[in-house]
There are 2 protein chains.
Amino acid sequence: MSEALNGLKRTKMCGELREENIGETITIMGWVQRKRNLGGLLFMDLRDRTGMLQVVFKEDVAEEVAIKGDVIRPEYCIAVTGVVVKRESINANMPTGMVELNVENIKILSESETPPIYIKENLDAAESIRLKYRYLDLRRPDMQSIFYIRHKASKAIRDFLDKEGFLEIETPMLTKSTPEGARDYLVPSRNYEGMFYALPQSPQLFKQLLMVSGFDRYFQIVKCFRDEDLRSNRQPEFTQVDLEMSFVEVDDIMTLNERLISKVFKEVLDVDVEIPFKRLTYKDAMERYGSDKPDLRFGMEIKDISSVVKDSEFKVFKDAFEIKGSVRALCVKGGSSMGRKDIDRLGEFVKTYKAKGLAWISLKDEEIKSQISKFLSEDELNGIIQSVEGKPGDLILIVADKNSVVFQALGALRLEIAKKLEILKDNKEFNFSWVTEFPLVEYNEEENRFQAAHHPFTSPMDEDIKYLESDPGRVRAKAYDMVLNGEELGGGSIRIHDSKLQERMFNVLGFTSESAWERFGFLLEAFKFGPPPHGGLAFGLDRIVMFMAGTDNIKDVIAFPKNQNAFCPLTEAPNVVDLKQLNELGITLIK
Amino acid sequence: MSEALNGLKRTKMCGELREENIGETITIMGWVQRKRNLGGLLFMDLRDRTGMLQVVFKEDVAEEVAIKGDVIRPEYCIAVTGVVVKRESINANMPTGMVELNVENIKILSESETPPIYIKENLDAAESIRLKYRYLDLRRPDMQSIFYIRHKASKAIRDFLDKEGFLEIETPMLTKSTPEGARDYLVPSRNYEGMFYALPQSPQLFKQLLMVSGFDRYFQIVKCFRDEDLRSNRQPEFTQVDLEMSFVEVDDIMTLNERLISKVFKEVLDVDVEIPFKRLTYKDAMERYGSDKPDLRFGMEIKDISSVVKDSEFKVFKDAFEIKGSVRALCVKGGSSMGRKDIDRLGEFVKTYKAKGLAWISLKDEEIKSQISKFLSEDELNGIIQSVEGKPGDLILIVADKNSVVFQALGALRLEIAKKLEILKDNKEFNFSWVTEFPLVEYNEEENRFQAAHHPFTSPMDEDIKYLESDPGRVRAKAYDMVLNGEELGGGSIRIHDSKLQERMFNVLGFTSESAWERFGFLLEAFKFGPPPHGGLAFGLDRIVMFMAGTDNIKDVIAFPKNQNAFCPLTEAPNVVDLKQLNELGITLIK
């Protein structure tokens, strides 16, 4: 049974009806959430995008309407016409709970089999089922509200950037490899056999070209692609808010983006984000939080206790100093309540970050316990406690190693302890920060050369250019990351627009002039014609919507996501294709 | 030479300066358009996105500034600080022509070689050069203004649809073949060797699924892909404004889109588009204009003169009636001034549309001339003239054949004559119309079967469903095209949401139940669960921006387009890739 609308118009949405509508004759359309008999009367809850309304079949309803009422089952799609009346038993949990619709007429627009998943909030169903029946999963009110948030966020971003004079300009999807270094998705060309397009990992080069074109302020909300093995929060295609500005310096880009973020959170969630964001240099972030994306919602900063133990006879500390490392500590407030087993587990935990071990000092009830007390003088022990401001009840955790290991281990440990002690339970804060002055290059041990930390067009800081050849590792970049609650949302940089400096940069990265030209020739060519100083930023729309929607699963914020194997259980993509198609493309399968 | 901004801020844009700014000290940044010496003084025009300003180096300028002035050449990117003064020789052709900037300080931000194309409006350069140096081509003010229009159009579309309760929801780029029937771009999967994603030709199936999900009103401005041989107005990737609505009928979608279009033209161009659009059925459009995308900016309608000549002995007419064709005519006002050669050329023209010939009657100076006068009685001749309302000075052109040939030939002829007579010269009208009631299916002579005229989910008109099996060619669809000045901008339909009707439709199209399921299984499955009545529309953003910008070249409205071979001369995509990449994908090249 499937009746046509035949001119019938919807006049109201289910969720908008209130007491002031009592007496109105209305038509609503939607899906039957549930159906029940109470006191001889038939009741249904009808659901649309806006909410739910109770519909009641009174005794005086026409027979054909009553018959339809009997036939209808959950998830049937129906249209109901009737009068809004005061509800007898008020339901304070429903926004429409003061009223109900007295059915006069009904159309069954389409029938439904019993759905394989419940259409309700907080569904606990296997991901494979949710993705296979994604259209039903998306009927659930919590999923609906995520896409409402996503729509509003994109809209707010566009409104803001439009007002600030940015033009949204579309860049190509069928393009050439970008220098980001992840694996590209390739698209075989039919016209040029043996040649391939690549789907963009980002519009980086195009947005720089648009600056050369004089567009001044560009943005785009754009799909990007990476063919990488998927971790939980990655998808093969993801959406970026990408922007670039001319005639600006680092601060201009940061303050603009702060205003952008604050406007979006206000408009979408009515939340006030504090601006300006806290700003930390990369060095600071590493030394204080052991991370380049520090979670600033809690303290527990890392303290350098090297000077206190610099003359210690303890071999672990001595070894660390010998390799120019350091000894650093976390002081866990109230941490002395942790049992020995817990602490041992933390010791195992830091080993996964290549630390050789974890030393601890427990300040339980004024009594100091430590597995390394025998290696330390009383002065050293007290010195440590003092320098981390240890109080009775605290637990001090120490790692000694080369700096990179110390930072990584203590940074991870800090987060692990916060999780364990539920320090952030019920925390609803959106704590934004900038991490700045990133290293320009990093040493690739495998390939035995320096590589760009960000990308090869990132500008060094003016005061460090002098070390570019002599000590590249020391050069800081005009690069910045936007961090929210310990996660990197995005980042950007001021780009090099001086072709001589660009050449020096390529030299440092070990490119010959030819190899640089081969990969980035068109950008280098463009830079011969008066490139403006420029810089920009990109951040993940999916990521920021996850925060806004309060989910830690990226699949929740993408309407039709892929699973961990980059497979779509709904459409069954990827799939086989006709041999004819491959022949046209000049490719064949390796058997 | 390349100086850093070093804290210098731009305070004004070049194009915004007027008399009221006189006396202000400002900093502008941009590109040198030209440079000249006049009366011993150095002048430059500086250009940014907003326009141009004259900059003058007075006698008292500091020596180092004067030196820089000497060095600077066109397209250098510079920053100029100085005082706005009244211009001595006013230039009424420039919006900033009342003032000039008295240089105090200058920074050369970057140098420029001599550009290979002129940075000026109405450039007449080879397309290959323009595309290779696209970043310079895009510096030209007319190109800049196109992307400003495009940005504003997208913004206005989004603003309107947002207000109307549409959610913008992103659908996948890595997906499965859609049923549109054009050739897909394929993307090999690394995880599933031998399998491929397809880039979407449209989000058709996904938007229908979103309606099943209850999103009610969806839209997206989205990239779509077709791997077809490119005609002049096609690109391998193009942008669609795609929307879908639930609980609506044909009229709801048309009126909403009329309001959308009228708002966009008002906001972007300040043009009032007349709404409601004219509406013609497909039958009407074919009979009156010989086209399903009629150009309604001028009349010259086709007239059916079959009844006048139904008993004619003229073999050409008799033959047409024998194959159930017709005899139809155009009356070209003032056309009798055309010479015999011109008319012969029109005869050749209609032959390219499969017409066997073109009969003509010239009403020059009351005297009637015709190459077929000897085959017609005086009554017939007068009857023809009367039925096309021929007046002295007119030219009547007649085609007799089967209807499809008559329509196509006369439809094309009508446009050809309009072009020849420059009927639309200086016409600035945006004449929108809807063509409705398209045939549901069309007969594919090659494959000897009916195929969907639009796509297999298009709903037949209720009153024609009864002919679905008995006479499919007679069934009209709830489909509509939006036409502007004789070009199809887009189209859509109400979809089938009744699975029984969908099955009948598949039968008509010759699908077995299995083959239908294999291709569209997930949509059919979804339709088991209470699909709402729904329909939608999609139109080309590129196309509409072309109209707005007054260009007939699609490449002008795409920042980085491909050439006719789907090749990008700028980035040189497509290109070769490493063998390693192909190995990972399990594919190899056919030698």
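**Close-up views of a predicted model**

View 1. The model is predicted, so local features need pLDDT of at least 70 and side-chain atom pairs count only at pLDDT 80 or more, whereas totals for chains, interfaces and linings use all residues. Residues are numbered from 1 along each chain as its sequence is written, chains are lettered from A and ligands numbered from 1 in the order in which they are written, and side-chain values use heavy atoms, with hydrogens and water left out. A:His454 sits in the loop between strand S19 (449-452) and S20 of chain A; here helices (H or I, at least four residues) and strands (E, at least two) are DSSP runs, numbered from the N terminus. Apart from neighbours within four places in sequence, A:His454 is in contact with A:Leu440, A:Gly492, A:Ser493 and A:Arg495, where contact means heavy atoms within 4.5 Å. In an unreviewed entry, UniProt places the feature "binding site" at A:Glu180, A:Arg226, A:His454 and A:Arg495; such positions are given in the numbering used here, feature names are shortened, and annotations may be inferred rather than shown by experiment.

View 2. A:Glu488 belongs to strand S21 of chain A and counts as partly exposed, at 38% relative accessibility. Not counting residues up to four places away in sequence, A:Glu488 touches A:Lys293, A:Asp481, A:Met482, A:Val483 and A:Arg543. A:Gly540, by contrast, lies in strand S22 of chain A and is buried, with a relative accessible area of 15%. Once its neighbours within four places in sequence are set aside, A:Gly540 is in contact with A:Thr239 and A:Leu489.

**View 3. The open sheet of 8 strands in chain A.** The strands of this open sheet follow the order S6-S9-S10-S22-S21-S20-S17-S11, and their pairing is mixed; two strands pair if DSSP finds at least two bridges between them. At the edges stand strand S6 (167-168) and strand S11 (278-281) of chain A, each of which pairs on one side only. Strand S20 (residues 479-484) and strand S21 (residues 487-494) of chain A pair in the antiparallel sense over 6 bridges, and A:Met482 stands opposite A:Gly490 in S21(A). Helix H6 (residues 250-269) of chain A lies across several strands, including strand S9 (217-225), strand S10 (237-246) and strand S22 (534-540), and runs at about 30° to S22(A). Helix H7 (residues 282-289) of chain A also packs on the sheet, where it touches S11 and S17 of chain A, with its direction at about 90° to that of S11(A). For these angles, axes are lines fitted to C-alpha atoms, for helices over the stretch in contact, and angles run from 0 to 180 degrees between N-to-C directions.

**View 4. Strand S10(A) and its two partners.** S10(A) is mostly covered, since 10 of its 10 residues are buried. A:Glu237, A:Thr239, A:Val241, A:Leu243 and A:Met245 point one way from the strand, while A:Phe238, A:Gln240, A:Asp242, A:Glu244 and A:Ser246 point the other way. S9(A) runs antiparallel to S10(A) and is joined to it by 9 bridges, with A:Phe238 in S10(A) as the bridge partner of A:Cys224. S22(A) likewise runs antiparallel to S10(A), joined by 7 bridges, and in S22(A) the bridge partner of A:Asp242 is A:Ala538.

**View 5. The open sheet of 5 strands in chain A.** In this sheet the strand order is S12-S13-S16-S14-S15, and the pairing is antiparallel. Strand S12 (303-304) and strand S15 (369-370) of chain A each have a single partner strand, so one side of each is left without a neighbour in the sheet. Strand S13 (residues 326-332) and strand S16 (residues 395-401) of chain A are paired over 7 bridges in the antiparallel sense, and A:Ala329 stands opposite A:Ile398 in S16(A). Helix H8 (residues 315-322) of chain A packs on the sheet, touching S13 and S16 of chain A, and its direction makes about 45° with that of S16(A).

Methods
Buried means under 20% relative accessible area, exposed over 50%, partly exposed in between (1.4 Å probe, protein chains only).
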